[in-house]
Amino acid sequence: MTFMSPDIPGHEGFAAPVLPNGEPASSSSAFVKEFVGYQAACSCGWADQRRFPPTREGAKETEYRWWSRHAAPLIAAAPPSELVVKSNLLYERIARLAAERPLAALTLLSQVEGWQRVLLDQAVAGARESGASWAQVGEAMGISKQSAHERFRTRVNM
Ligand SMILES: [Zn+2]
């Protein structure tokens with residue numbers, strides 16, 4: 001039994017049997033014959049700390065833990081998948097335009113740059129107002145906490 005959400009591909013949750021040595025098994029393997037409990041775990045390497053009894057109910061509890069402790073926060077931080085698809089499509093179309101009609105691409109790219117900067121400042125301000133740390137802002141953008149702070153501290157008054 002695995003737990004999945006289409007919004008976070010690459011994350012497959014499972015009830016990891018806890019081996020007698022206290023270590024969780026690396027999969028929900030049916031080959032594990034002797035185990036002392038269940039722990040929620042994910043294919044990305046995440047593992048819950050809490051151990052549940054080695055029963056059907058215990059295994060079921062791990063599903064809730066995977067959702068509440070791991071999947072829900074990731075889904076909340078992930079952009080809607082249809083926007084990711086559109087963003088990738090826009091990138092490909094503009095890349096093609098840049099090859100075929102570079103001046104037209106420049107006009108379009110300066111438009112994108114104009115609204116992208118405004119929206120970026122707006123999103124950073126919103127994240128900070130709702131309590132996000134500079135580390136979380138950096139993580140969302142794929143940059144370091146220091147880079148995020150240096151780049152936005154004067155643009156975003158928080
Ligand atoms: Zn995961």
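The exercises below concern a predicted model, and each is followed by a worked solution.

**Exercise 1.** Determine which residues coordinate the zinc ion, and what arrangement the four donor atoms make.

*Solution.* Four donors count as tetrahedral if all angles lie between 85 and 135 degrees; the angles subtended here are 103 to 121°, so the arrangement is tetrahedral.

**Exercise 2.** Locate Cys42 and His70 among the secondary-structure elements, and decide whether Cys42 is buried or exposed.

*Solution.* Cys42 belongs to strand S3 (residues 37-42) and His70 to helix H1 (residues 56-77), so this pair ties together parts that are 28 residues apart in sequence. Buried means under 20% relative accessible area; Cys42, at 4% relative accessibility, therefore counts as buried, and His70, at 8%, likewise counts as buried.

**Exercise 3.** Find how many aromatic pairs the whole structure holds, and describe the pair of Phe35 and Tyr38 as well as that of Trp66 and Trp67.

*Solution.* The search finds three aromatic pairs. Phe35 and Tyr38 form a tilted pair, with 5.1 Å centre to centre and 50° between the planes; Phe35 is partly exposed at 25% relative accessible area, whereas Tyr38 is buried at 15%. Trp66 and Trp67 form an edge-to-face pair, with 5.3 Å centre to centre and 75° between the planes. Trp66 is buried at 0% relative accessibility, while Trp67 is partly exposed at 32%. Finally, Phe3, Trp66 and Trp67 form one aromatic cluster.

Definitions and conventions:
Residues are numbered from 1 along each chain as its sequence is written. This is a predicted model: local features need pLDDT of at least 70, side-chain atom pairs count only at pLDDT 80 or more; totals for chains, interfaces and linings use all residues. Side-chain values use heavy atoms; hydrogens and water are left out. Donors are N, O and S atoms within 2.8 Å of the metal (3.2 Å for Na, K and Ca); water is not among the atoms, so sites may look incomplete. Four donors count as tetrahedral if all angles lie between 85 and 135 degrees; four count as square planar and six as octahedral if opposite donors are over 155 degrees apart and all others between 65 and 115; anything else is irregular. Helices (H or I, at least four residues) and strands (E, at least two) are DSSP runs, numbered from the N terminus. Buried means under 20% relative accessible area, exposed over 50%, partly exposed in between (1.4 Å probe, protein chains only). Rings of Phe, Tyr and Trp (its six-membered ring) pair if their centres lie within 6.5 Å; planes under 30 degrees apart count as stacked, over 60 as edge-to-face and the rest as tilted.
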